[in-house]
Amino acid sequence: MKINGRPTRTIWLNDDGRTVEVIDQTRLPFAYETLLLQNVEEAAIAIERMVVRGAPLIGATAAYGMALAMADEPSDANLEMASDRLMRTRPTAVNLRWAINRVKSELIDISPKDREASAYKLAARICNEDVEINASIGRNGLEIIKKAATNKPKNAPVNVLTHCNAGWLATVDWGTATSPIYMAHDEGIPVHVWVDETRPRNQGASLTAYELGHHGVPHTVIPDNTGGHLMQHGHVDLVITGTDRTTAAGDVCNKIGTYLKALAAKDNSVPFYVALPSPTIDFALFDGVKDIPIEQRTGDEVSKMTGITEDGSIQTVDIVAEGSPVANYAFDVTPARLVTGLITEAGICDASREGIATLFPDRAGMTD
Ligand code: MRU
């Protein structure tokens with residue numbers, strides 16, 4: 001998508017054919033800066049510090065992390081080391097494991113001297129596939145927005161509520177939840193997005209609003225607690241979120257607070273859709289609440305807030321009473337029964353074992 005009118009991806013290989021560059025998302029929306037990743041450790045730290053984040057982009061960065069490791073030392077031992085190091089970075093988004101295992105299983109059987117070139121090729125393929133998958137999600141989800149538009153008065157916007165950032169910044173390009181929105185906007189269908197700010201890290205206010213703004217999509221940032229009120233008053237036509245891991249039975253793990261939005265949507269008969277690429281489906285799991293590991297992050301993300309002052313300096317301030325303990329669960333699980341449908345690259349299906357198996361018959365029972 002575009003930043004200041006220029007088509008941009010979130011991750012790319014530099015002209016030296018070795019180092020990788022990413023948009024530093026910890027600096028957005030205040031500053032557009034990029035960060036150079038020169039080895040696997042730097043790739044791992046970028047994922048841990050959330051310089052890059054969002055399930056698909058975490059997977060893409062891990063794939064390039066494996067390539068960087070192979071450029072350093074293409075031995076079996078280093079393949080294992082790189083895989084272990086990257087696997088420890090963040091526990092919830094399953095795209096991480098999917099990407100690492102995909103690279104590892106392709107490299108393990110080839111001669112070490114060929115591993116570097118193969119790893120870079122595969123990382124590039126994973127990135128390009130992500131873009132294609134998200135474009136397909138967009139085309140499939142567009143039909144839902146088009147249908148919602150037919151139920152609205154002429155020229156009234158379809159109001160879509162989204163949580164966190166499942167936009168192009170969370171992927172290589174297009175985004176998942178935002179892809180149908182961009183396509184609707186580009187086709188001239190009036191669309192307006194309610195953007196949950198998404199405490200504690202504010203991915204909605206900082207990232208989703210930033211990217212929608214750069215693409216010219218009308219949107220309004222709201223505190224996380226506002227969605228229920230808007231739904232009660234008919235101001236939300238549908239909810240579309242992303243996901244970090246969805247079970248083979250359709251339970252959806254996504255940014256903390258998603259579950260509460262799904263409950264409010266159910267109570268108000270607002271359709272609640274989840275947009276996801278197939279690498280986000282964990283075909284080995286069936287009970288999301290019990291089996292998906294929920295990341296707990298540092299309390300600083302809750303007790304401090306970063307912003308820009310009038311003189312343009314980026315500052316972090318404390319916002320919690322000194323000494324009060326805080327908790328920071330990064331994700332929650334929305335049970336399949338609250339999900340209207342899953343928008344995937346292969347089509348739209350029920351959030352159920354049968355629905356997912358219909359779209360992905362070859363993947364049932366697989367672990368990554
Ligand atoms: O902690 P984050 O910012 O990595 O969480 C991101 C989300 O929860 C997204 O909704 C999810 O990864 C889907 S991204 C297309």
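Tutor: A polar contact is a pair of N or O atoms within 3.5 Å; within protein, one must be able to donate a hydrogen and the other to accept it, and residues adjacent in sequence count only if both atoms are side-chain atoms. This is a predicted model, in which local features need pLDDT of at least 70 and side-chain atom pairs count only at pLDDT 80 or more, while totals for chains, interfaces and linings use all residues. Residues are numbered from 1 along each chain as its sequence is written, and side-chain values use heavy atoms, with hydrogens and water left out.

Student: Which residue joins its side chain to that of Thr 19 in a polar contact?

Tutor: Thr 19 sits in the loop between strand E3 (11-13) and strand E4 (20-23); strands (E, at least two residues) and helices (H or I, at least four) are DSSP runs, numbered from the N terminus. The polar contact from its side chain spans 2.7 Å, and the partner is Asp 16.

Student: Is Thr 19 buried or exposed?

Tutor: Buried means under 20% relative accessible area, exposed over 50%, and partly exposed in between (1.4 Å probe, protein chains only). The relative accessibility of Thr 19 is 9%, so this residue counts as buried.

Student: Which strands stand at the edges of the open sheet of seven strands?

Tutor: Two strands pair if DSSP finds at least two bridges between them. The sheet has mixed pairing and the order E8-E7-E6-E9-E12-E17-E18. Each edge strand has a single partner strand, so one side is left without a neighbour in the sheet; these strands are E8 (219-222) and E18 (347-349).

Student: Which residue of E17 is the bridge partner of Val 274?

Tutor: Strand E12 (residues 272-275) and strand E17 (residues 341-344) run parallel and are joined by three bridges. In E17, the partner of Val 274 is Leu 342.

Student: At what angle does helix H5 run to E17?

Tutor: Axes are lines fitted to C-alpha atoms, for helices over the stretch in contact (heavy atoms within 4.5 Å). Angles run from 0 to 180 degrees between N-to-C directions. Helix H5 (residues 112-150) lies across several strands, including E17, and its angle to E17 is about 135°.

Student: What is the phi of Thr 198?

Tutor: Most residues other than glycine have a negative phi. Thr 198, in the loop between E7 and H7, is buried with a relative accessible area of 0%. Its phi is positive, near 70°.
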